[in-house]
There are 2 protein chains.
Amino acid sequence: MSLNAYPPVLTQLIRRLSKLPGLGEKSATRIAMFLLQCPKEEAEAIAEGILQMRSQVHTCSRCFHFTDEELCSICRDPARDTGVICVVESTADLLAVEQSGAFKGRYHVLQGVLAPLDAIGPDDIRIKELLKRLDTENIKEIIIATNPSSEGEATAHYLVKLLKDRPLRISRIAYGIPMGGDLKYTDRITMERALKGRQEF
Amino acid sequence: MSLNAYPPVLTQLIRRLSKLPGLGEKSATRIAMFLLQCPKEEAEAIAEGILQMRSQVHTCSRCFHFTDEELCSICRDPARDTGVICVVESTADLLAVEQSGAFKGRYHVLQGVLAPLDAIGPDDIRIKELLKRLDTENIKEIIIATNPSSEGEATAHYLVKLLKDRPLRISRIAYGIPMGGDLKYTDRITMERALKGRQEF
């Protein structure tokens, strides 16, 4: 779309917005138009929200989840089980686990996965910090919840090898047919995992 | 999605972003995460871009297109034909006409359409301002380019009735554009055909 007919400050904002994930030039234009025509306070609240977020939000010094304090809300929560750590790749994955309501321990966000092809090794993600937590906190169980991708698998296996001599229960969340899924549309790899992960009644 | 596990400033930003057109909670979360993890300057450039746009961009005092000066870039352009006005509903529609490259006159943005059901009458859109332009500028032709919706039709007919006794050529762009369609999503070729095929009332 030719944006020449707009004032430069508007064109530039559209260009910047269109680089956000999930947006293209048309959706960015629509959003910019909305921000230009909505009540001024709403547009300012979003702009100031972005600035505030960038100045206040950082990662929890213990688990690397996002927080605006020293420790995140989960690490601060006295009701959580302090002896269990669920290891996830990202905050988004943490949130997905948290949503289930089925986990009451704490987390450790790796902030990435091992990806040799992208030159991301153990020192590039928060593995050292996990080991330090195992040395200083009284951890009894580690649940590995990396994604079922080749990088997630590699990271899980690396962690198991690294931790297996410690006095810990180490488990990995089950990968198989999703609830509501359909066996006949399930891919081979998922089916294989579901079969291998079968549990006795 | 449960957002309780996020710091309040992040949750609030996600809530605000999810009200933008085309975004829901998931896409807003994805954008907020991106804005939190991208280089700080990029996030700040977007926030400041929004604030700058709101403080600098307003409507052209002549045609009501967006501008950051007294008159918009089109009204200021000495190469444009000052005797022809293309009447559009919105700036987005103006841009769609502009893109075709087939119109070299000036515009008049109505900033809306007649919509009796929403209690939007002639005084609520920029019709008075159009009449004033006809009195003060040396206009020879009016091209009506409202959308092919019932409100757009009604607005076009209202304008024709209002203007038909003046010494003007009044035309309407040809609707190769299907009824129920939307100008701002029309491809250039169709738009050019529609402009060239305009017919006198």
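Colleague: Why does A:Arg133 count as buried?

Modeller: Buried means under 20% relative accessible area, exposed over 50%, and partly exposed in between, with a 1.4 Å probe and protein chains only. The relative accessibility of A:Arg133 is 3%, so this residue counts as buried. The model is a predicted one, in which local features need pLDDT of at least 70 and side-chain atom pairs count only at pLDDT 80 or more, while totals for chains, interfaces and linings use all residues. Residues are numbered from 1 along each chain as its sequence is written, chains are lettered from A and ligands numbered from 1 in the order in which they are written, and side-chain values use heavy atoms, with hydrogens and water left out.

Colleague: Where does A:Arg133 lie, and what does A:Arg133 touch?

Modeller: A:Arg133 belongs to helix α6 of chain A. Helices (H or I, at least four residues) and strands (E, at least two) are DSSP runs, numbered from the N terminus. Contact means heavy atoms within 4.5 Å. Not counting residues up to four places away in sequence, A:Arg133 touches A:Arg62, A:Cys63, A:Ile85, A:Arg106, A:Tyr107, A:His108 and A:Ile139.

Colleague: Which way do the residues of strand β4 of chain A point?

Modeller: In β4(A), residues 106-109, A:Arg106 and A:His108 point one way and A:Tyr107 and A:Val109 the other way; all are buried. In a regular strand the side chains alternate between the two faces of the sheet.

Colleague: What makes β3 and β4 of chain A a pair?

Modeller: Two strands pair if DSSP finds at least two bridges between them. Strand β3 (residues 84-88) of chain A and β4(A) have four bridges in the parallel sense, so they pair under that definition. The open sheet has four strands in the order β4-β3-β5-β6 (chain A), with parallel pairing. Its edge strands are β4 and β6 (169-172) of chain A, each pairing on one side only. From one strand to the next, the twist averages 25 degrees.

Colleague: Which helices lie across these strands, and at what angles to β4(A)?

Modeller: Axes are lines fitted to C-alpha atoms, for helices over the stretch in contact, and angles run from 0 to 180 degrees between N-to-C directions. On that basis α5(A) lies across β3 and β4 of chain A, running at about 155 degrees to β4(A). Helix α6 (residues 127-136) of chain A lies across β3, β4 and β5 (141-144) of chain A, at about 150 degrees to β4(A).

Colleague: How do you know on which side of helix α7 of chain B the buried residues lie?

Modeller: The buried residues of α7(B) are B:Gly152, B:Thr155, B:Ala156, B:Leu159, B:Val160 and B:Leu163. They cover an arc of only 135 degrees around the axis, which puts them on the same side of α7(B). The arc is that of the directions from the helix axis to the C-beta atoms. On the other side, B:Ser150 and B:Lys161 are exposed. The buried residues pack against β3 (84-88), α6 (127-136), β5 (141-144) and β6 (169-172) of chain B.

Colleague: How does the reach of α7(B) compare with the expected value?

Modeller: Helix α7(B), residues 150-163, has 14 residues and reaches 20 Å from its first C-alpha to its last, close to the 20 Å expected at 1.5 Å a residue. The expected span is 1.5 Å times one less than the number of residues.

Colleague: What makes β3(B) mostly covered?

Modeller: Five of the five residues of β3(B) are buried. B:Val84, B:Cys86 and B:Val88 are on one side, and B:Ile85 and B:Val87 on the other. Four bridges join β3(B) to β5(B) in parallel, and β3(B) pairs with β4(B) over four bridges, also parallel. The bridge partners of B:Val87 are B:Ile144 in β5(B) and B:His108 in β4(B).
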